[in-house]
Amino acid sequence: MWPHEQRDRHHKGVSSSSSSSRCSPSSSVLPQTPKRRTMEELWKDISLNASPPPPLDYHRLQADSSLHSPSMVLQDFLAGPLNQPLYQPQAAAKELLPPPLQTALSLNSGLEFQFLGEADQANTQSNSSSNNINGNVANGSFTSYDFSVGPPSPAALFSFCSRKRSTTESHPGAADRHQKRMIKNRESAARSRARKQAYTTELESEISHLQEENAKLKKQNELLMRSQVAVPKSSLRRSSTAPF
Amino acid sequence: MGEVVRDVLEPFTTSVTLRIRYSARQVVNGAEFRPSTIVNKPRVEIGGDDLSTFYTLVMVDPDAPNPSNPSMREYLHWLVTDIPGTTNANFGREILCYEGPRPALGIHRMVFVLFKQLGRQTVFALPEVRQNFNTRSFLTENYLVPVAISYFNCQRETGSGGRRFAS
């Protein structure tokens, strides 16, 4: 079953086969947290599985994409030869895609359900057709893992802004209070910045003082050591002896 | 630091060392101390050249009761006079006993200022209450010269304001 599909992937691109699996109704229902676990599992499995059959190929692929994190590599896997990868991992590498691709996709079939859920929030920079959605969704979800900023932030920003606007217009006099609040907040923020600045400059001057002191003490120490070596140690001598 | 100085007195140049320590922890300008760590007076060691020069130490809170509304600026937490040079605050006269800061609102700056006295027992003009103390007028009335300043930040025990710096 798998090899047959694999051949399809080759020609039509990954997305087509995966889209069929994506269309299942259970896609959007899955919760967030299992996705993360499966993501990690995916990575673990890829690194495990990729090593045996064509270890060289996978490594070569990675070497080509040395500057980019593994996320780019997986994205390429998912995107398939149909999608232009964001960087060119060379045509040779594409040929090597199939064997590692096999492992990635065999694991990925479960993941794609979650990817669809992510796509609703994802602000993917997708300028492409549905065929590419899978690749771009993967991109969005991966970027959210890599940079942990990703999809949720714009949505969160929107809701925050709208909330603010709705409350201020609800009753009169609220604008003044709002204004006062804003001024107070601004002052508070300014104080906070001043505090932070003061502390960092303080630490910096402390550092320079300590460095100077350290250098001075080291020199002193060195001099003392040298002088100690040059002069023979004088031992304590008795000057007078008391009867007791 | 300059901003703190300006809030409390005219800018000056530091001329005497001032080392303040609460238990095991040295006061570094701008560090944060919670009320529980500053309940008891700190150990204050001063520099200076000799035992015959006398110094006054004040500890004020310019942000009382609330930094955004400092109506009690400055609140006097501690006043010690006639500290002999090169010694510590225990050798001075504690005019106003140490009161551990317990800010209710906001993040307060707690400022220590060390003054050089004209001579021994030359500080006569003493405040009657702790709040609304004016460091500037205090120093002019008593012919004091500022020689050192240090400060730290303090907020209420369970406060969550400000950045968490390593302490």
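This is a predicted model: local features need pLDDT of at least 70, side-chain atom pairs count only at pLDDT 80 or more; totals for chains, interfaces and linings use all residues.
**Chain B, overall**

I started with the fold of chain B. I get two helices and nine strands. Walking from the N terminus, I read the order as α-β-β-β-β-β-β-β-β-α-β. Chain B has 167 residues, and 50% of them count as buried. I also looked up its accessible surface, which comes to about 8000 Å², with 50% belonging to carbon and sulfur atoms. Then I checked how far along the sequence the contacts reach. Taking contacts between residues at least 6 apart in sequence, I find that 75% join residues at least 24 apart.

**B:Thr56**

Next I went to B:Thr56, which sits in strand E5, residues 54-61. Buried or exposed? I have B:Thr56 at 0% relative accessibility; the cut-off for buried is under 20%, so B:Thr56 counts as buried. What does its side chain pair with? I find a polar contact with the side chain of B:Gln117, at 2.6 Å. Leaving out residues up to four places away in sequence, I also listed what B:Thr56 touches: among them are B:Leu79, B:Val80, B:Thr81 and B:Asp82, then B:Val113, B:Leu114 and B:Phe115, and also B:Val123, B:Phe138 and B:Leu144.

**B:Val16**

I then picked a loop residue. B:Val16 lies between helix H1 (2-8) and strand E1 (18-22). I noted a relative accessible area of 7% for B:Val16, so this one is buried too, given the under 20% cut-off. Setting aside neighbours within four places in sequence, I see B:Val16 in contact with B:Gly47, B:Gly48, B:Tyr55, B:Leu114, B:Val147 and B:Ala148. B:Leu114 is on this list and also on the one for B:Thr56. I checked one more pair: B:Val16 and B:Lys116 are 100 residues apart in sequence, with their C-alpha atoms 9.1 Å apart in space.

**Where chain A meets chain B**

Last, I turned to the interface. I count eight residues from chain A and 15 residues from chain B in the contact. The buried area is about 1100 Å², and carbon and sulfur atoms give 56% of that. Which residues of chain A lose the most area to chain B? I wrote down A:Arg191, A:Arg195 and A:Tyr199, together 53% of what the chain A side buries. I looked for salt bridges between the two chains and the count is zero. For polar contacts between them, I have one residue pair, with both residues at pLDDT 80 or more.

Conventions
Residues are numbered from 1 along each chain as its sequence is written. Chains are lettered from A and ligands numbered from 1 in the order in which they are written. Side-chain values use heavy atoms; hydrogens and water are left out. Contact means heavy atoms within 4.5 Å. Buried area is the accessible area (1.4 Å probe) that two parts lose on being put together, summed over both. A salt bridge is a side-chain nitrogen of Lys or Arg within 4 Å of a carboxyl oxygen of Asp or Glu. A polar contact is a pair of N or O atoms within 3.5 Å; within protein, one must be able to donate a hydrogen and the other to accept it, and residues adjacent in sequence count only if both atoms are side-chain atoms. Helices (H or I, at least four residues) and strands (E, at least two) are DSSP runs, numbered from the N terminus. Buried means under 20% relative accessible area, exposed over 50%, partly exposed in between (1.4 Å probe, protein chains only). Accessible areas come from the Shrake-Rupley method with a 1.4 Å probe; for residues, only the protein chains shown count as cover.
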